[in-house]
Amino acid sequence: MIPASFDYIAAKSLDEAISLLATHKDDAKILAGGHSLLPAMKLRLMQPKVLIDLGRIKELSYIKEEAGQLRIGAMTTHFQVETSDLLRRVCPLLPETATQLGDMQVRNKGTIGGSVAHSDPAADWPAAILALDAEIVATSARGDRVIKATSFFVEMLTTALEPGEILREIRIPGGKGKSGQAYVKVRHPASGFAVVGVAVNLAADGGKCQSAGVGITGVSPKAYRAANVESGLKGNALDAKTLSAAAAHAADGVDINSDLYASAEYRKQLATVYTRRALEIAASRLK
Amino acid sequence: MKKTISVTVNGVTHQNEIEPRLLLVQYIRDVLNLTGTHVGCETSLCGACTVMVDGQAVKSCTMLAAQADGSTVTTIEGLAQGGELHPVQSGFWEHHGLQCGYCTPGMIMASAQILQRNPDPTDEEIRHGLEGNLCRCTGYQNIVQAVQCAAKKMKSKSVAR
Ligand SMILES: Cc1cc2nc3c(=O)[nH]c(=O)nc-3n(C[C@H](O)[C@H](O)[C@H](O)COP(=O)(O)OP(=O)(O)OC[C@H]3O[C@@H](n4cnc5c(N)ncnc54)[C@H](O)[C@@H]3O)c2cc1C
Ligand code: FES
Ligand code: FES
């Protein structure tokens with residue numbers, strides 16, 4: 001399995017990558033970790049004429065706190081997220097998601113920016129990014145553009161990124177008050193991708209739910225925020241009955257995927273059960 | 001357009017002119033003739049092609065040789081030092097961690113990474129680390145034992161030093 005021919009350019013800086021993309025336009029594809037792109041090119045599902053490799057741009061690989069936000073560079077690998085002490089402390093949802101993604105070798109090479117830009121309907125990151133109410137920074141010759149995660153995932157393999165734009169950074173708002181997070185996933189036994197993946201980010205005060213972010217992947221052609229689950233939690237005490245009643249709305253209003261492994265009916269059931277479990281774990285972690 | 005790359009593999013620096021679409025595993029096997037690294041699935045799933053690139057275990061069928069330009073690569077041939085097997089290699093030997101041996105180079109490279117990051121893993125941690133490596137023969141049990149044995153060997157070595 002060999003990809004069709006292409007030219008390969010290793011960009012030395014983000015500015016160079018932006019100008020290369022502006023020159024080659026639709027003929028070019030960005031290469032990050034290559035763990036979605038290269039398999040697709042080997043199957044000749046994609047045949048870009050030019051690959052612009054971001055792999056040597058060190059300035060795109062970081063995890064830091066700035067301006068009250070967590071900021072993660074696009075080329076940060078899944079492994080770097082998984083093992084970040086900062087994230088384990090302030091946003092454990094991200095390492096918990098990373099460790100369930102793919103396998104060790106995939107986590108070593110694949111990047112969070114590549115996954116979010118690719119927007120696979122069974123990818124793990126979109127669920128976490130949505131639950132955390134993150135923002136995505138896209139950059140191009142025109143400068144930076146900040147996109148809310150809720151409007152970033154447009155449909156299967158399609159995002160709000162425009163031609164010429166590179167995903168530069170993911171920003172996560174700082175938490176307020178007590179928070180409890182969890183990511184749970186039904187792994188597809190062959191591919192490892194999410195049949196259903198549920199990310200939860202709860203904040204509570206005085207025993208009542210202040211805010212709830214629930215991101216769900218694998219269920220629908222694009223990852224989504226489960227608005228009816230969230231509204232069933234907000235303002236309420238997070239007891240077992242409330243969590244279970246809210247989780248029943250996990251697949252409200254979305255088209256549900258169906259494939260050989262899981263019918264739409266089964267997926268919907270999984271979504272409900274795993275949302276309840278994710279909520280229970282997150283609620284138990286409120287501290 | 002061909003591209004010249006320079007890659008240090010098992011301590012030897014090679015310069016070659018390659019097509020950008022050449023996969024790292026093809027470069028290792030077909031250009032450098034290091035055939036210890038295997039190709040199982042060609043689709044990123046089996047891990048037989050696992051090598052270390054700049055200290056990170058990666059599936060070399062899912063990486064371009066061009067991406068490794070300037071990197072240091074270790075393959076299964078580069079693991080033994082001074083004629084002495086790497087502790088993971090002797091662990092596999094002693095605990096019968098292989099049958100046909102097809103998956104073994106990749107298993108050993110991935111196991112080496114697991115132990116480098118976590119010198120004292122539980123069985124569960126070893127299994128989690130090896131999720132990207134498929135074996136159709138052993139049933140994995142002896143592989144886990146082999147890695148545990150290697151962990152002990154590496155610990156007693158570092159104490160001795
Ligand atoms: C065996 C295997 C198992 C996997 N299992 C899982 C799993 O369980 N869960 C999961 O979520 N994922 C899984 N993946 C996918 C993996 O997470 C990929 O790493 C990820 O989807 C893509 O990231 P990448 O850095 O490899 O991007 P690439 O493959 O390099 O790029 C993907 C796409 O995004 C574009 N792109 C990349 N970076 C940018 C950027 N900064 N700006 C604009 N466009 C960009 C590229 O042009 C390309 O179209 C698996 C992959 C493999 C091979
Ligand atoms: S040959 Fe590379 S993962 Fe199977
Ligand atoms: S020993 Fe035969 S595949 Fe693992």
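Trainee: In which sense do β2(A) and strand β3 of chain A pair, and over how many bridges?

Mentor: Please keep in mind that this is a predicted model. One looks for bridges between two strands and then for their direction. Here β2(A) and β3 (residues 50–53) of chain A pair in the parallel sense, over four bridges. Within β3(A), A:Leu51 is the residue that stands opposite A:Lys29.

Trainee: In what order do the three strands of the open sheet stand?

Mentor: The order in chain A is β1-β3-β2, with parallel pairing. Because β1 (7–10) and β2 (28–31) of chain A each have a single partner strand, they stand at the edges, and one side of each is left without a neighbour in the sheet. Neighbouring strands are turned against each other by 25 degrees on average, direction ignored.

Trainee: What lies across β1, β2 and β3 of chain A?

Mentor: Helix α1 (residues 14–24) of chain A does, running at about 170 degrees to β3(A).

Trainee: Where does ligand 1 lie, and which polar backbone atoms are found by its oxygen and nitrogen atoms?

Mentor: Ligand 1 lies between chains A and B. One of its oxygen atoms is 2.7 Å from a polar backbone atom of A:Gly33, and a backbone N or O atom of A:Gly34 lies 2.7 Å from an oxygen atom of the ligand. A nitrogen atom of ligand 1 is 2.8 Å from a polar backbone atom of A:Leu167. Taken alone, ligand 1 exposes 970 Å², of which the protein buries 96%.

Trainee: Which element gives the largest share of the shell around ligand 1?

Mentor: That element is α7(A), with four residues. The shell divides into 15 nonpolar, 14 polar and three charged residues.

Technical notes. Residues numbered from 1 in each chain as written. Chains lettered and ligands numbered in written order. Predicted model: local features only at pLDDT ≥ 70, side-chain atom pairs only at ≥ 80, totals over all residues. Heavy atoms only, no water. Pairing = 2+ DSSP bridges. Axes fitted to C-alpha atoms, helices over the stretch in contact; angles between N-to-C directions. Contact = heavy atoms within 4.5 Å. Near = heavy atom within 4 Å. Polar contact = N/O pair within 3.5 Å; in protein donor to acceptor, adjacent residues only side chain to side chain. Areas by Shrake-Rupley, 256 points an atom, 1.4 Å probe, with all protein chains shown as cover. Nonpolar A, V, L, I, M, F, W, Y, C, P; charged D, E, K, R; others polar.
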